Amino acid sequence: MSKHLHLVLGKLLYVALFVTIQVAALIVMFLFFRDQFAYFYIFCMLLSLGASIHILNNTTSNPAYKIAWLIPILLFPIFGGLLYLLFGKYRMTRKQRASSRAIRKQIATVMESEHIAADHLETLPPDAAIQARYLLRASGSPPCVHTQTEYLPIGEAFFDALLRELETAESFIFLEYFIVEEGTMWNSILEVLERKIKQGVEVRLMYDDLGCLLTLPRHYDRVLRAKGLQVCVFNPFNSVLSPRFNNRDHRKICIIDGKIGFTGGINLADEYINAYAKHGHWKDTGVCLRGSAVWSMTVQYLALWGFTSGQVDSFSHYCPPAAWVESIAPDGVVLPYTDLPLDDDLVGETAYLNMIHRAKKYVYITTPYLIIDNEMMTSLCTAAKAGIDVRIITPHIPDKKTVFFLTRSYYEPLQKAGVHIYEYTPGFIHAKTMVCDDEYAIVGTINLDYRSLYLHLEDAVWMYRSSAVSDVKQDFLRTQEISQEMHPEDLGRIGWLKQLWLGILHAFAPLV
């Protein structure tokens, strides 16, 4: 406990230092412009006007996101434009654009044969083909048939499977996680990784710097490199006054020899396997893939590694043998995909909406946060009103009280439309799953909130008639049995002060 407290205090001191420096810079700027305030005021007003026009003319942004930015600009015209300039949208540097073009070209080359193999799309039912074709075009990943799927309904099962498969590694291990924390889970994995490195296995780890800000010591990447790991830190936290601050790597990926791939909601920290109770019982899920779809995950991993580090690998070097891929028995259609905030294509949300729009019987959803835009709200309500059985499970014990308060505010309009909402009473549910009509399922990292859908780098697996689909459904029904169905009277009356606070939260929800 004392070690963890020391780590947290050290990181908080680190953040406080940067904030202090930046506040001091603002004070100096104010003193410098004090005698020229009239000119400074006119400049800021023009900047805010330009920002407002730019926001209104952006045809690809969600209206809620536009409103969330227009409010502070109109309320604080002096600094509103500056804030938007800093945080409004992350723009790649010239070097990053060049790196991105090189990586996209290599992806197009290595995936060309896979796209040809996707011709079997025409043999799928129209609804399934439409969803798969969109994901193919939006994320570059083809639908795969030679892939076995294993659904992992709890963090402990995920951890056991991960350790078991890591032991089989012969060539390489790629890891990418939002949170890594020293403890039972990570220390056990690291012990295997160190042993594998000594056996000649290439091991790479990419983690998000902000996600690990309070969980890892500063310069932990140096410690890992000394052990033989290749380490890449995504968006190093060096200033809160940077548009990159908003774009975090929320993906959770493990790839072993290009043959086995893991993803889901589970980070490499002890609460995810209930080694200790952080917010009651922690319910999380994952999926393990074995076969051709793992190649798509490998390409997605190497693409982000290259973009972040500037190191462009030969992707084909990590491709599994074709004979081995062909030996994997078909298990429905599997398509891993990613969602990146650097483009204007909301792949994560669109994949969810495609499934909801084409549902004929039911849609079951688990999500830790329910802070949705008008498109998602309308789709869920329309499906429920059309007679589709729509059910959502959210946490009963929150990890963030303000976000939990905001999540509950979305219950009433959904319930009025006929959506059934349950809260996981044993604790916190962190799973991000959607299952539909006994045919489709999505398991991944994508929450139903603005940060996941608009700002973070995310990944997921879309499955059609795979064995894991029924497992996702059965796990949802078992989880529902120990959850409480919520009704408007369960939440009590909200006083005027809380209603005012709720109104503010709703206005700024796209930026929270």
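Surface patches are made of residues with over 30% relative accessible area and no salt bridge, with like charges joined within 9 Å and nonpolar side chains (Val, Leu, Ile, Met, Phe, Trp, Tyr) within 5 Å. A salt bridge is a side-chain nitrogen of Lys or Arg within 4 Å of a carboxyl oxygen of Asp or Glu. Accessible areas come from the Shrake-Rupley method with a 1.4 Å probe; for residues, only the protein chains shown count as cover. The model is predicted: local features need pLDDT of at least 70, and side-chain atom pairs count only at pLDDT 80 or more, while totals for chains, interfaces and linings use all residues. Residues are numbered from 1 along each chain as its sequence is written, and side-chain values use heavy atoms, leaving out hydrogens and water.

Tyr41, Ile42, Met45, Leu46, Leu49 and Ile53 make a nonpolar surface patch of about 550 Å². Ile42 sits in helix α2 (residues 37-57). Its relative accessible area is 48%, so Ile42 is partly exposed (between buried, under 20%, and exposed, over 50%).

An open sheet of 7 strands has the order β1-β8-β6-β5-β2-β3-β4, with mixed pairing. Strands pair if DSSP finds at least two bridges between them. The edge strands, β1 (147-152) and β4 (230-234), each pair on one side only. Strand β2 (residues 172-177) pairs with β5 (residues 253-256) in the antiparallel sense over 4 bridges. Here Leu175 stands opposite Cys254.

Helix α8 (residues 155-166) lies across β1, β2, β5, β6 (260-264) and β8 (286-291). Helix α11 (residues 293-309) packs on the sheet, and β3 (202-208) is among the strands in contact (heavy atoms within 4.5 Å).

How values were computed: Helices (H or I, at least four residues) and strands (E, at least two) are DSSP runs, numbered from the N terminus. Buried means under 20% relative accessible area, exposed over 50%, partly exposed in between (1.4 Å probe, protein chains only). Axes are lines fitted to C-alpha atoms, for helices over the stretch in contact, and angles run from 0 to 180 degrees between N-to-C directions.
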